[in-house]
Amino acid sequence: MKYKVWLIDNEGNLIVRIVTSPSQEALLSRIERDNLIPVKLKPVRLSFFEPTIKRKEIIEFCNNISLMVGGGISLLEALDEFSLNTKNKRFKLITEEVIFDIRNGMSFSDALKKHKAFPDVVVHLVKIGEETGSLSSVLKDAAQHLQKVDDIVSNTKRALMYPLFVTISMFGAAAFWLFYVLPKLTKVFSTMGLKLPLPTILLIKTVAFLNHYYWIFPAIFGLIAAIIIGLKINEKGRFLLSKIIYKLPIFGTLILTSNLAFFFEYEALLLRVGVSITNSLDIIKTAFKNLVFRFAIENTNTNIKNGLGLSESFKKNKIFEPFAVRMISAGEKTGEIDKQMSYVANSYYTKVNRMVEVMEKTIEPIVMTVAGVFFFIIVLALIVPVYQLVSKMGAIR
């Protein structure tokens with residue numbers, strides 16, 4: 001449970017903080033232990049509709065704290081300044097709790113670790129910064145890393161969302177015609193006793209079939225959703241689903257490429273700040289939801305612990321391309337693995353951007369062609385009976 005507390009310290013200063021405690025009694029005991037005087041306690045309930053903390057806000061947090069600490073401002077003053085200026089209520093509460101925990105003897109990294117809003121990479125880098133006395137530097141590295149990750153994720157989402165939006169729009173238009181417009185027209189043709197050509201007859205039968213068996217479509221989607229949910233229940237199913245995602249045409253390649261860019265960027269950063277290869281792989285694997293990629297990282301780490309080199313360990317996993325293996329091998333020989341990994345990450349990052357651009361340029365004409373063919377068939381099937389209908393009505397007049 002979160003509480004907003006108003007306290008008075010030994011010097012008579014009023015302190016207002018947000019803290020987490022299992023109960024009010026436990027909180028009062030903690031306040032008494034810290035030689036503080038409680039003035040007021042108020043439970044804080046975070047609403048479901050309150051804003052989440054976005055990656056860009058974490059980037060801003062790292063950049064701001066890095067600049068202020070690097071400029072000679074104390075960590076607590078920097079956090080207090082950020083808390084006063086942030087517009088996100090949830091982030092404000094979390095920052096105030098971090099400040100409170102640090103004042104009560106907790107390290108900055110442990111205070112951040114309590115909150116899921118901060119990625120593992122930020123927590124680990126802050127811990128390293130505390131140990132080495134380079135907090136400002138590692139926070140800047142964390143901000144740059146998260147910015148690259150944000151760019152990769154944004155570009156990947158953009159590439160996936162555009163065709164999805166266009167496809168849904170196209171199917172929506174087709175459904176409107178097939179289930180609303182065409183049934184009314186075909187009914188008119190039937191009642192007027194017109195001699196219908198073959199394309200029109202086929203269209204009428206298709207529309208009749210779709211309207212009679214309309215439940216097939218939601219049933220198919222429901223079955224697919226049930227299969228996906230069923231696969232997610234156990235680890236083997238999740239592994240199979242992860243494998244299928246990477247096997248998808250075009251989109252699978254895009255997702256895998258973005259994952260590789262993220263992996264090598266993350267690994268380069270951790271190696272650059274002094275984390276060992278095995279420890280960095282243990283840290284990175286938790287960042288991946290895709291079990292195929294996570295298994296590849298675990299397998300690589302096991303091989304390294306068994307005495308194999310990094311490039312040889314990568315080589316044993318098909319997920320890592322020969323290009324990446326050769327670059328890492330060169331890095332092992334020159335002792336600059338982190339630089340080689342940064343180069344590989346940038347290469348994959350460029351590839352993701354290129355794929356996004358190509359997809360945006362090619363999907364639109366494909367969708368337009370499919371839509372054009374669909375409506376051409378409808379016009380072809382309707383033009384003759386519509387002409388007959390107009391002629392018949394003209395003759396009646």
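H115 touches K2, I94, E97 and V98, not counting residues up to four places away in sequence. In this predicted model, H115 sits in the loop between α5 and α6 and is buried, with a relative accessible area of 7%. One of its contacts, E97, also forms a salt bridge with K114.

- The closest N and O atoms of the salt bridge between E97 and K114 are 3.4 Å apart.
- E97 belongs to helix α4 (residues 89–103), while K114 lies in the loop between α5 (108–113) and α6 (120–132), so this pair ties together parts that are 17 residues apart in sequence.
- Helix α4 has 12 of its 15 residues buried, so it is largely enclosed by the rest of the structure.
- The buried residues of α4 are R90, F91, L93, I94, T95, E96, E97, V98, I99, F100, D101 and I102.
- Among them are I94, E97 and V98, which H115 touches.
- The length of α4 agrees with expectation: at 1.5 Å a residue its 15 residues should span 21 Å, and its end C-alpha atoms are 21 Å apart.

**Other salt bridges**

- Side chains of opposite charge can pair when their charged atoms come close.
- The count for this structure comes to 11 salt bridges.
- K305 and D282 meet through their side chains in one of these, at 3.9 Å from N to O.
- K305 lies in helix α13 (residues 291–305) and D282 in helix α12 (residues 277–285), so the bridge ties together parts that are 23 residues apart in sequence.
- K305 is exposed, with a relative accessible area of 54%, and D282 is partly exposed, with 30%.
- Both residues also belong to a network of salt bridges that links D282, K285, E298 and K305.
- E321 and K351 form a further salt bridge, with an N to O distance of 3.9 Å.
- This pair ties together parts that are 30 residues apart in sequence, because E321 lies in the loop between α14 (310–315) and α15 (322–334) and K351 in helix α16 (residues 337–396).
- E321 is partly exposed at a relative accessible area of 29%, and K351 is partly exposed at 25%.

**A nonpolar surface patch**

- F179, F209, Y213, Y214, W215, F217, I220, F221, I224 and I228 make a nonpolar surface patch of about 1000 Å².
- Helix α9 (residues 216–233) supplies the largest share of this patch, 5 residues.
- Y213, one of the patch residues, is placed in the loop between α8 (198–212) and α9.
- The relative accessible area of Y213 is 32%, and the residue counts as partly exposed.

**S66 in helix α2**

- S66 is part of helix α2 (residues 55–70).
- With a relative accessible area of 6%, S66 is buried.
- Leaving aside its neighbours within four places in sequence, S66 is in contact with S136, L139 and K140.
- From S66 to N279 the separation is 213 residues in sequence and 25 Å in space, C-alpha to C-alpha.

**The protein as a whole**

- The secondary structure comes to 16 helices and 3 strands.
- The radius of gyration is 30 Å, well over the 21 Å that the globule rule gives for 397 residues, so the protein is more spread out than a compact globule.
- The C-alpha trace spans about 100 × 60 × 40 Å along its principal axes.
- Of the 397 residues, 39% count as buried.
- Among contacts with a separation of 6 or more, 61% are accounted for by residues 24 or more positions apart.
- The protein exposes about 23000 Å², and carbon and sulfur atoms supply 63% of that area.

Technical notes. Residues numbered from 1 in each chain as written. Predicted model: local features only at pLDDT ≥ 70, side-chain atom pairs only at ≥ 80, totals over all residues. Heavy atoms only, no water. Salt bridge = Lys/Arg side-chain N within 4 Å of Asp/Glu carboxyl O. Helix = DSSP H or I, 4+ residues; strand = E, 2+ residues; numbered from the N terminus. Buried < 20%, exposed > 50% of the residue type's maximum accessible area, 1.4 Å probe, protein only. Patch = residues over 30% accessible without salt bridge, like charges linked within 9 Å, V, L, I, M, F, W, Y side chains within 5 Å. Areas by Shrake-Rupley, 256 points an atom, 1.4 Å probe, with all protein chains shown as cover. Rg over C-alpha atoms; globule rule 2.2 N^0.38 Å. Contact = heavy atoms within 4.5 Å. Expected span 1.5 Å × (residues − 1).
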